[in-house]
Amino acid sequence: MKKLGKQKNACAPLRTTDYGLRTNSGQSLIEVLIGIAIGTIFITGIVAILVLTLRIGFQNKFTQSAAELAGGLTDQVAVFSDANWHNVYDAESHDGLTAYHLTQSDQFFVLANGSEAVSSEAGTFARWFTVSDVYRDSTGALVTTGGTLDPSTIKITAYASWTQGGSPAQVTFEKYLTRSKSRIFHQTDWSGGNNQEGPIATVNTRFTTSSNVTHSAAGSLTITDLSVEASTSTTSNIDATDQWAWNDVIGWVDFRSTNNVFVSSTIITGYASSGVGYIALDCATSPSPNCSFLYRVSNDGTGTLAGWAWNDAIGWISFASSSAQSTYGVTIDESGNFFGWAWNDVVGWFSFNCADTGVCGTSSYKTKTRWSITVISASLISSVFDTQVTGGGAFNSILWQGVKPTGTNVKFQIASSDNASGPWTYVGIDGTNSTYYQPAGPNTQLSISRTAHNNDRYVRYKVFLESDLDKTLTPRVDDIIISWSP
Amino acid sequence: MRQLLTTNYSLRTKRGIASLPAILLFGSILIEIGIAGAFLVYYLNNSVYGTRLTNEAIVIAQTGIDDALLRIVLDKTCPNATCLAEYTLTIGRGTASVTICKDTCAGVGKDQITVIGRALTKQRQLIAIVSVDATTGLVTVDSLQDSAL
């Protein structure tokens, strides 16, 4: 400041200018340095962004190409499988690790082991797919652990991989393929008769064998000599020969002559004839119906009788003991034969079978009914149906249409084979011959065990018709439908 | 002279200040270019990735359609107590939401299968109409279309 002050008078403007120039020059240098620093930062950032941009762009190019390749492979595999399920399903391994790819032969794909090299604008990729088994839980949901193998679904994972900057990268696509094409074997008429073994590709009106089945001209199956409709008559189901019980005091008791004694799974109705008048077995169907005091002879469904009968002369007749001191009762065996004893306080024991008194041969009597704990059965074996699918089909479900009166049953067993001549093992729902496919009723689809019959070419059914226990009613089968997928 | 000095000083001062705004201006332009580039990369990336996700969503939706078809083939009365009308499948990193509508959506005797396939942020919808024979259970696919959500 001193120096500046001394020079002020001599050449003040110049000094001032000099000072200003020096001061400003210093500021410019700092500005330049700061500018260069900021510029460097900016440029570095920009270069970094540009490099990142180029790198991401390059990666996107690869990823996009890989995604297209993997997606394309997924579509190709789906088309390949759609043309024939076995094309992909028959891959040697379903471990989800073994690599497969598709090659083209003639006009279509061929499954090949390993991966394939695919070139695109972005570069060269390796492309392959794996096959995995699929499991489902009881609700049908796909599960990764546990569950039951679903042979009609497989999982495809398609891969496209490449190397970028020395690092491997890949894109994957997953897809589940299902065997959901729908085909049916639908038999609606059996009037053509038996002795047709097959194999047949188109279902007709014939079958192989039957037992006790009436296959009417109307195209329905019923049990021979039984009716679909419940009878409204009170006709007795007591045997025309074996109709007797014995009492030492009053003699024979006839269960047939009144023609109204009817044994069912729950009750014996009607009344029998004896030397002391009618013996009423059920208050509602007695000679003079009167249920002011409710009584009946009941059946527990297995042939064990209980309850009371009534006679105006001798009073109550007990069909089963109600005390621990005396164990008696009346039963019906699986052939409909009565056994055992009933009791009356006035005339004593009633015997229903000579075998219990040891007098058979001398006096061969018994009471017998058509009812028993067994039913009347009939069965029919279909012809062999040919899916015409090399490698076999998947059998999805079985159902029937018709009428199922109360107490009757319709059930099936399925046999399948790779060979048109069998062997034919008829099995049920657990894959053994001791079980059946037994839909709850007509028009009810029941799944066939796909693991038991998977990929067999030939299939046939055995249908069982069962009467009610009273042996008066038969189911009527109008249609049998097996659903399958090629 | 005073005026000249003042003028000189003023000029010099302005020259010194002018370089910093120029650098800042230049830098701002660079930053804007950078931000624009970053946005460009973002949208490009989003576009490419979105395309891939969309393709995945379609594949997932197709899986949902196939699964529903299999369920209907196995049970012609589906949906019912044992065959859900709505369920979700997990496929890879995506999900397929399946809805089966019987008789009321596409007409009597027809099932409408609606599947929304989702892959992260992308989703696609496929709708299939299938005929189901009430007597035999035979299933026939009438149509399959990619439908806008």
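In chain A, 62% of the contacts between residues at least 6 apart in sequence join residues at least 24 apart, a contact being two residues whose C-beta atoms, placed from the backbone, lie within 7 Å. This is a predicted model, with local features needing pLDDT of at least 70 and side-chain atom pairs counting only at pLDDT 80 or more, while totals for chains, interfaces and linings use all residues. Residues are numbered from 1 along each chain as its sequence is written, and chains are lettered from A and ligands numbered from 1 in the order in which they are written.

Chain A holds 4 helices and 31 strands, taken as DSSP runs numbered from the N terminus (helices H or I, at least four residues; strands E, at least two). Its C-alpha trace spans about 170 × 70 × 35 Å along the principal axes. Of the 486 residues in chain A, 37% are buried (20 or more other C-beta atoms within 10 Å of their own; exposed means 12 or fewer, partly exposed in between, with C-beta atoms placed from the backbone).

A:Thr235 sits in the loop between strand 11 (221-223) and strand 12 (238-247) of chain A, and it counts as partly exposed because 13 other C-beta atoms lie within 10 Å. From A:Ala91 it is 144 residues away in sequence and 65 Å away in space, C-alpha to C-alpha.

Strand 1 (residues 100-105) and strand 2 (residues 108-113) of chain A run antiparallel, joined by 6 bridges; pairing requires at least two bridges found by DSSP. The two make a hairpin with 2 residues between them, and A:Asp106 in the turn has a positive phi of about 55°. A:Gln104 stands opposite A:Phe109 of strand 2.

Over in chain B, 5 strands form an open antiparallel sheet in the order 1-2-3-4-5. Strand 1 and strand 5 of chain B are at the edges with a single partner strand each, so one side of each has no neighbour in the sheet. Strand 2 (residues 94-102) and strand 3 (residues 110-119) of chain B pair over 9 bridges, with B:Lys102 partnered by B:Asp111.

As for the interface, 47 residues of chain B are in contact with 52 residues of chain A. Helix 1 of chain B supplies the largest share of the chain B side, 34 residues.
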